[in-house]
Amino acid sequence: EASRRLAEVAIQERGKDEAGRLDAIALRVLARPLETAERKALEPVIRDLRDHYARDGKASQALVAVGDSRADASIPAPELAAWTMVASQFFNLDEALNK
């Protein structure tokens, strides 16, 4: 649920700007912007997650339904699901866990 909420904030703040979304997440979780190499490494991850959730509507709906709070209905479920997984990856970085 925390990952979904962070994804919602990044999407709401930065719109379709992927680099801006990544920075919004990185600044909140890592307290720093991403380096160029890190950003490049995430580009195929985002693309693959988007493709996966676009093909599997049930999975995207199930993921964004996790938690007590409701997902932002103005954000398409596949897009929100993909960015939820991106946010989750940030939360699971050693850098985030050891801060």
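So, Ser60: leaving aside its neighbours within four places in sequence, it is in contact (heavy atoms within 4.5 Å) with Tyr53, Ala77, Pro78 and Ala81. Ser60 sits in helix H4; helices here are DSSP runs of H or I with at least four residues, strands are E runs of at least two, and both are numbered from the N terminus. And is Ser60 buried or exposed? Buried, at 1% relative accessibility. The cut-offs: buried is under 20% relative accessible area, exposed is over 50%, partly exposed is in between, with a 1.4 Å probe and protein chains only.

Quick housekeeping. This is a predicted model, where local features need pLDDT of at least 70 and side-chain atom pairs count only at pLDDT 80 or more, while totals for chains, interfaces and linings use all residues. Residues are numbered from 1 along each chain as its sequence is written, and side-chain values use heavy atoms, with hydrogens and water left out.

Okay, back to H4 and its partner. Two packed helices are described by the angle between their axes and the distance between the axes. For H3 (residues 36-55) and H4 (residues 57-64), the angle is about 105° and the axes are 5 Å apart. Axes are lines fitted to C-alpha atoms, for helices over the stretch in contact, and angles run from 0 to 180 degrees between N-to-C directions.

Who's touching whom? From H3 we have His52, Tyr53 and Arg55, and they meet Gly57, Ala59, Ser60 and Leu63 in H4. By type, the residues of that contact are three nonpolar, three polar and one charged.

Over to Thr36, also in helix H3. Thr36 is exposed, with a relative accessible area of 56%.

Zooming out: the chain has six helices and zero strands. Its radius of gyration is 13 Å, close to the 13 Å the globule rule gives for 99 residues, so the chain is as compact as a globular protein of that length. That's taken over C-alpha atoms, and the rule is 2.2 Å times the number of residues to the power 0.38. The C-alpha atoms fill a box of roughly 35 × 25 × 25 Å along the principal axes. Buried residues make up 38% of the 99. And of the contacts between residues at least 6 apart in sequence, 62% join residues at least 24 apart.

Technical notes:
Nonpolar A, V, L, I, M, F, W, Y, C, P; charged D, E, K, R; others polar.
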